[in-house]
Each structure stands twice: as C-alpha cells, then as structure tokens.
Amino acid sequence: MSTLVEEMASIIAARDYPGGYRWLRLAAAEAARAAQPGQYLEFAGRRWPLLRADPAQGWLDCLGRSDAAPAQGAALTLRGPLGSPFQLERASPRALLLGKVDGLASLLFLADRLRRQPTRIKTLLLLETGGELPFHPQPSRIIVPDLPSWVIAALPLCEDWGIASRLASPGGEAGCYNGPLTELARLWLDTLQGTADVTVYACGDAELLGQTRRLAERYRLAWQGATAV
C-alpha cells in the first residue's frame, strides 16, 4: 500500500499537448517514492493523473486537462498519491490494458512499470479514442498476430517502449478498429490458444469498468480496475 504525503513541490518542466492536455514534471521526492500506477495527485485545485515516477531521481510526471495549469518554475503544495493503485505483484505473463483517453496516463504508467518487471510480461494496450487526443497516432511497427492487418494505429510512446498498442474508434478513424474497445479486446482474446495467463487492467469510468468485469467473467480472466480522474 502506498503512503499518502503532503509536501512542497516545484514544476521543473511543462508542455502543452493537443486537446487541452498539459504534461507536468514535478520535483517531489516523497511522492515519487510512494507513487503507483492508477493513482493521482491533488494540487492547483484539481486532480492530476500520474503518468510516470522516478523514485531514485525524485520526480513525477502528470498528464491532465486544465485551463489554469501551473507554469514551469512554480512552487506548490501537493497531496498524494491518492486512489487505489494497480497491484503489480499479481501480474501474470500476459497483460491486456484497456482504457479510454481519460485513463491514458494511468495505463501508460502501468505499462512502464510492467516492462520493468524482473520477469518479462507481454503487454497489449488497447485505447478507445473519443475527442481530440494528446498525441498523434502512428502506424505500429509491432505485429499483433491475428488482428486485422488494417488496425495499425498505435501510441507513439508505446512504440518507443516496444509495447504493442492499438486504437479502437467507434467513429471509424483511419488505422483504428471500427468499433468499441471491448469488441477489439474480444477479437484478440479469441485468437489466443489459451487465456489462463492473461490479466486484464482497465482504467476508466463505471461503464468501462463494468464492461471489463463482464469481459473478464466471460473468459475467466483475472482483472483489476482503476477509476479515471
């Protein structure tokens, strides 16, 4: 279980992204040591989903939407990490990560931690688009066997990390699966020889978490969920 802290922090880097998103890097040593995927911080009058943390260097990254985000160099008081984190000690050899854009930061934090586990975990991250994204999708260089060949849109950061990812778009955006997220997940699960070694992780609203629970029950999968902020 992570530890809740309240400490003074400073914004050491900041960048704006499409869709009104803002990335912040904070120097906050105590919070960095405590932070886990699926959690968030409170500062500047709102909740900020955690994107990454480096306990050794004492910094954390957040990615969220805000019209009045702190500027680089600002000093502030933060509280956190808050929220129930994903339990990585329960990780299995394969991980299926599901979310919409509001859960993106938490899922990327989780994917980063999974790729650093001592035992290799094969990860697939599926994200459903909706509204403007904070990144520009790119054609994936990583093959996901048995998915339609035209489903190639991927997250650039996952590509850099060597993690497979794909996008689902009910609106039919180019390169994305033309349908809901859980439908794409079922399509992938149906191609597997067995699913006993798959754990599903989801981050989103109550509707998505309910859909994920039903998906896990259908395939008899272990799963964990976190509420997006």
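Ala 44 lies in the loop between β3 (40-43) and β4 (46-54), where helices (H or I, at least four residues) and strands (E, at least two) are DSSP runs, numbered from the N terminus. Although Ala 44 is not a glycine, its phi is positive, at about 55 degrees. With a relative accessibility of 43%, Ala 44 counts as partly exposed, the class between buried (under 20% relative accessible area) and exposed (over 50%), with a 1.4 Å probe and protein chains only. The structure is a predicted model, in which local features need pLDDT of at least 70 and side-chain atom pairs count only at pLDDT 80 or more, while totals for chains, interfaces and linings use all residues. Residues are numbered from 1 along each chain as its sequence is written, and side-chain values use heavy atoms, with hydrogens and water left out.

A positive phi of about 55 degrees is also found at Arg 220, which is not a glycine. Arg 220 belongs to the loop between α5 and β13 (222-227) and is exposed, with a relative accessible area of 80%. Another backbone feature is the cis peptide bond that joins Gly 80 and Pro 81, with omega at about -5 degrees; Pro 81 is part of strand β6 (residues 75-82).

Helix α4 (residues 181-191) and helix α5 (residues 206-219) have axes that come within 11 Å and cross at roughly 20 degrees, the axes being lines fitted to C-alpha atoms, for helices over the stretch in contact, with angles from 0 to 180 degrees between N-to-C directions. α4 is therefore roughly parallel to α5, since angles under 35 degrees count as roughly parallel, over 145 as roughly antiparallel, 65 to 115 as roughly perpendicular and the rest as oblique. On the α4 side the contact (heavy atoms within 4.5 Å) is made by Leu 181, Thr 182, Ala 185, Arg 186, Leu 189 and Asp 190, and on the α5 side by Leu 208, Gln 211, Leu 215, Arg 218 and Tyr 219. The residues of this contact divide into 6 nonpolar, 2 polar and 3 charged, where Ala, Val, Leu, Ile, Met, Phe, Trp, Tyr, Cys and Pro count as nonpolar, Asp, Glu, Lys and Arg as charged, and the others, Gly among them, as polar.

Some side chains are joined by polar contacts, each a pair of N or O atoms within 3.5 Å; within protein, one atom must be able to donate a hydrogen and the other to accept it, and residues adjacent in sequence count only if both atoms are side-chain atoms.

| Side chain | Partner side chain | Polar contact |
|---|---|---|
| Thr 199 | Ser 92 | 2.7 Å |
| Asp 112 | Arg 52 | 3.4 Å |
| Asp 112 | Arg 115 | 2.8 Å |

Thr 199 is in strand β12 (residues 198-204) and counts as buried at 4% relative accessibility. Apart from residues up to four places away in sequence, Thr 199 touches Arg 90, Ser 92, Arg 94, Ala 95, Leu 96, Ala 222 and Trp 223. Asp 112, in helix α2 (residues 104-115), is buried too, with a relative accessible area of 3%; beyond its neighbours within four places in sequence, Asp 112 is in contact with Arg 52 and Trp 161.

Leu 24, in strand β2 (residues 21-27), counts as buried at 0% relative accessibility. Neighbours within four places in sequence aside, the contacts of Leu 24 include Ile 11, Phe 43, Trp 48, Leu 60 and Pro 70.
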